[in-house]
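Colleague: Could you walk me through this model? I am new to reading structures, so please spell out the terms.

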Amino acid sequence: MKQEAPPPPEGKKTEPMANKLADKHGAPPVPIIRQPAPDKTAAANSARKEKIASKTNKKWMRLATVFAYVFFVSLAAIILAIYYSFFWVGTPQSFPQTNGNDTVFSSA
């Protein structure tokens, strides 16, 4: 006759019943899967979500800054092109004629 093991002393945890039955019938023990504490998981998920959200906000802010820069630089170029094409009246400056060997000095 097989003797049963004495009960474990108080304070010690026993293995799950599934493992006891598996050992008795020759099957491998069932792995014990423990879930992490819900407080730590919730805090970690919250921190992770905040980090991802801040990265997303930074990306959008960078993109908006680049678009604003390109828009305003292009707008200034377009305004200058319109001004010089339609409104600016330049006066050609007349230069004195030389024969190539003379140096022209201006008296100012």
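Modeller: The protein chain has two helices and zero strands, where helices (H or I, at least four residues) and strands (E, at least two) are DSSP runs numbered from the N terminus. This is a predicted model, in which local features need pLDDT of at least 70 and side-chain atom pairs count only at pLDDT 80 or more, while totals for chains, interfaces and linings use all residues. Residues are numbered from 1 along each chain as its sequence is written, and side-chain values use heavy atoms, with hydrogens and water left out.

Colleague: How much of the chain counts as buried?

Modeller: Of its 108 residues, 2% count as buried, a word that means under 20% relative accessible area, whereas exposed means over 50% and partly exposed lies in between (1.4 Å probe, protein chains only). The chain exposes about 11200 Å², and carbon and sulfur atoms supply 63% of that area, as computed by the Shrake-Rupley method with a 1.4 Å probe, with only the protein chains shown counting as cover for residues.

Colleague: Which residues gather in a patch of positive charge?

Modeller: They are K51, K55, K58, K59 and R62, on the surface. Patches take residues with over 30% relative accessible area and no salt bridge, joining like charges within 9 Å and nonpolar side chains (Val, Leu, Ile, Met, Phe, Trp, Tyr) within 5 Å. A salt bridge is a side-chain nitrogen of Lys or Arg within 4 Å of a carboxyl oxygen of Asp or Glu. K51 lies in helix α2, residues 38–87, and is exposed at a relative accessible area of 54%.

Colleague: And which residues form the nonpolar patch?

Modeller: I78, L80, I82, Y83, Y84, F86, F87 and W88 form it on the surface, with about 930 Å² of accessible area together. L80 also sits in helix α2 and is partly exposed at 47%.

Colleague: Switching topic, how many aromatic pairs are there?

Modeller: There are three, counting rings of Phe, Tyr and Trp (its six-membered ring) whose centres lie within 6.5 Å, with planes under 30 degrees apart called stacked, over 60 edge-to-face and the rest tilted. One of them joins F71 and F72 edge-to-face, 5.1 Å centre to centre with 75° between the planes.

Colleague: Are those two exposed or partly exposed?

Modeller: F71 is partly exposed at 48% relative accessibility, whereas F72 is exposed at 53%.

Notes
Lys and Arg count as positive and Asp and Glu as negative; His and the chain ends are not counted. The place of a charge is taken as NZ of Lys, CZ of Arg, CG of Asp or CD of Glu.
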